[in-house]
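Hi everyone, thanks for coming. Let me put today's structure up on the screen, and then we can walk through it together.

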Amino acid sequence: MTELRVSVCMATYNGASFVREQLDSILAELEPQDEVIIVDDASGDATVALLESIEDPRVSVHPRAENLGYVRTFEQALALATGDVVMLSDQDDIWIPGRRALLLEATATAGVAASNLVLLGTDAPLRSPLTGHDWLLRAEDAPRRRRNQWRMLIGDAPYFGCAMAVRRDFLGRVLPFPGYLTESHDLWIATMANADGELAHVEQPTLRRRLHAENASSERPRGVRKALQSRLLLLRLWGEARRRARRRRA
């Protein structure tokens with residue numbers, strides 16, 4: 001039986017402070033047949049030099065001359081992946097041992113798997129900015145598509161790209177990203193999987209998330225205008241996901 005090949009897709013931008021520690025935790029999890037695809041979004045620091053100094057044949061670095069933002073950077077990395085299962089990664093977290101096996105098991109029966117994560121340094125769960133309670137995914141909720149989408153719409157669904165895996169045969173459903181997608185690529189992936197009934201929740205944390213001032217995404221509450229724009233974007237993405245699902249079934 002052929003062993004599954006994992007592609008880790010990472011987007012970097014001025015990440016020299018933490019990216020080596022992140023990569024060390026990833027490479028310790030991977031098998032010899034796996035790969036790490038890193039697309040750098042025109043960093044102005046030593047990120048690219050640091051990455052290119054890593055002597056591991058599984059790592060390939062793709063520097064970009066123009067800064068296009070993290071959404072398009074992840075899109076390019078996903079398009080370059082060749083593995084059976086793609087796992088997304090930020091540049092500043094730490095993988096928990098066992099992550100690869102857990103997400104492979106989950107994607108055996110679902111196109112997309114999303115796991116819980118904990119805070120680096122305390123191993124405490126994230127807190128929902130809406131309710132203040134522990135922000136958790138439960139396996140039993142994965143088939144509850146309306147509930148999942150409602151949680152995304154109101155900003156109470158902890159779907160993070162850094163804790164996601166996408167099976168190869170599902171990748172074509174999320175790519176290309178909608179042209180108007182300028183934030184929350186992770187919620188787009190979760191929305192597409194939810195629309196197709198292909199979303200799995202992994203309750204065991206697979207990632208220690210590092211919070212710092214330079215995070216591309218933040219759990220801090222946003223202003224009313226930004227929050228409204230985000231909700232309108234999610235409604236538009238839900239419509240696009242349903243259209244793609246209908247076209248596939250037809």
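Predicted model: local features only at pLDDT ≥ 70, side-chain atom pairs only at ≥ 80, totals over all residues.

Seven strands make up an open sheet, and reading across it the order is β3-β2-β1-β4-β8-β6-β9, with mixed pairing. At the edges sit β3 and β9, residues 199-202, each of which pairs on one side only. On average, neighbouring strands in this sheet are turned by 20° against each other, ignoring direction.

If you look at β1, residues 6-12, and β2, residues 35-40, you'll see a parallel pair joined over six bridges.

Now the helices. Helix α1, residues 19-27, lies across β1, β2, β3 and β4, and runs at about 175° to β1. Then there is α7, which packs on the sheet and touches β4, β6, β8 and β9; the direction of α7 makes about 50° with that of β8.

On to the cores. The largest nonpolar core has 38 residues, and those with the most contacts inside it are L78, Y159, V174, W188 and I189. Helix α7, residues 185-195, supplies the largest share of this core, seven residues. There is also a second, separate core of 31 residues, and I38, L51, L126 and A200 are among its members. Going back to L78, its contacts beyond four places in sequence are C9, V86, L88, L171, L175 and F177.

Next, a residue in a loop: is R64 buried or exposed? R64 is in the loop between β3, residues 59-63, and α3, residues 70-80. R64 has a relative accessible area of 15%, so it counts as buried, since the cut-off is under 20%. Its side chain makes a polar contact with the side chain of T73, at 2.4 Å. Beyond four places in sequence, R64 touches several residues, including V39, D40, R72 and Q76.

My last stop is N116, in the loop between β6, residues 112-115, and β7, residues 118-119. N116 is buried too, because its relative accessibility is 5%. The side chain of N116 reaches the backbone oxygen of E203 at 2.9 Å. Among the other contacts of N116 are W135, L136, V202 and P205.

That's the tour, and I'm happy to go back to any part of it.

Note on methods
Residues numbered from 1 in each chain as written. Heavy atoms only, no water. Helix = DSSP H or I, 4+ residues; strand = E, 2+ residues; numbered from the N terminus. Buried < 20%, exposed > 50% of the residue type's maximum accessible area, 1.4 Å probe, protein only. Polar contact = N/O pair within 3.5 Å; in protein donor to acceptor, adjacent residues only side chain to side chain. Contact = heavy atoms within 4.5 Å. Core = buried A, V, L, I, M, F, W, Y, C linked by side-chain atoms within 4.5 Å. Pairing = 2+ DSSP bridges. Axes fitted to C-alpha atoms, helices over the stretch in contact; angles between N-to-C directions.
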